Amino acid sequence: MLLRDQYILKENFYLKKYLRENSYYYKNLNREPNFIHKMSGLMKEEYKLTLPDKLDKLRNNISMFTTFMDIIN
């Protein structure tokens, strides 16, 4: 694994957690230098950290808030 990849893993908590849960990716990181970017995309999809997921979560929170305000009034 490249030193750059180790630094990226150290800085990104979710990526480190994802790698620990899917330890078979260590082999890919050692063989492919750019696998860290692919693994980052996979992690974002699994933990729902992509932009569409964040927007959906925001929409649900706004909907819940408006429902709460309707109940109060």
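## Salt bridges in the model

A salt bridge is a pairing in which a side-chain nitrogen of Lys or Arg lies within 4 Å of a carboxyl oxygen of Asp or Glu, and the structure holds 2 salt bridges. The model is a predicted one, in which local features need pLDDT of at least 70 and side-chain atom pairs count only at pLDDT 80 or more, while totals for chains, interfaces and linings use all residues. Residues are numbered from 1 along each chain as its sequence is written, and side-chain values use heavy atoms, with hydrogens and water left out.

As a general rule, an α-helix has 3.6 residues a turn, so residues three or four places apart point the same way.

## How covered the partners are

In what follows, buried means under 20% relative accessible area, exposed means over 50%, and partly exposed means in between, with a 1.4 Å probe and protein chains only. Asp-5 counts as buried because its relative accessibility is 0%, whereas Arg-4 is partly exposed, with a relative accessible area of 35%. In the other pair, Arg-59 is exposed at 53%, and Asp-56 is partly exposed at 33%.

Asp-5 lies in helix H1. If its neighbours within four places in sequence are left aside, Asp-5 is in contact with Leu-29, Pro-33 and Ile-36, where contact means heavy atoms within 4.5 Å.

Which residues of helix H2 are buried? In this helix, made of residues 13-21, Leu-15, Tyr-18 and Leu-19 are buried. They cover an arc of only 100° around the axis, which means that they are on the same side of H2; the arc is that of the directions from the helix axis to the C-beta atoms. The buried residues of H2 pack against helix H1 (3-11), helix H3 (25-31) and helix H4 (35-46).

The face of H2 turned away from its buried side carries the exposed residues Phe-13 and Arg-20. At the start of H2, a side-chain oxygen of Asn-12 comes to within 3.2 Å of the backbone nitrogen of Tyr-14.

## The loop between H4 and H5

Thr-50 has its place in the loop between H4 and H5, and it counts as partly exposed because its relative accessibility is 23%. Its side chain is joined to that of Asp-53 by a polar contact of 2.7 Å. A polar contact is a pair of N or O atoms within 3.5 Å; within protein, one must be able to donate a hydrogen and the other to accept it, and residues adjacent in sequence count only if both atoms are side-chain atoms. Apart from neighbours within four places in sequence, Thr-50 is in contact with Lys-44 and Glu-45.

Lys-48 is found in the loop between H4 and H5 as well. Its phi is near 55°, a positive value in a residue other than glycine, and Lys-48 counts as exposed because its relative accessibility is 56%.

Leu-51, Leu-55, Leu-58 and Ile-62 make a nonpolar surface patch of about 410 Å². Patches are made of residues with over 30% relative accessible area and no salt bridge, with like charges joined within 9 Å and nonpolar side chains (Val, Leu, Ile, Met, Phe, Trp, Tyr) within 5 Å; accessible areas come from the Shrake-Rupley method with a 1.4 Å probe, and for residues only the protein chains shown count as cover. Ile-62 is found in helix H5, residues 51-72, and is partly exposed, with a relative accessible area of 49%.

The C-alpha atoms of Thr-50 and Thr-67, 17 residues apart along the chain, are separated by 26 Å. Lys-27, whose place is in helix H3, is partly exposed at 47% relative accessibility. The C-alpha atoms of Lys-27 and Ile-71, 44 residues apart along the chain, are separated by 54 Å.

Methods. Helix = DSSP H or I, 4+ residues; strand = E, 2+ residues; numbered from the N terminus.
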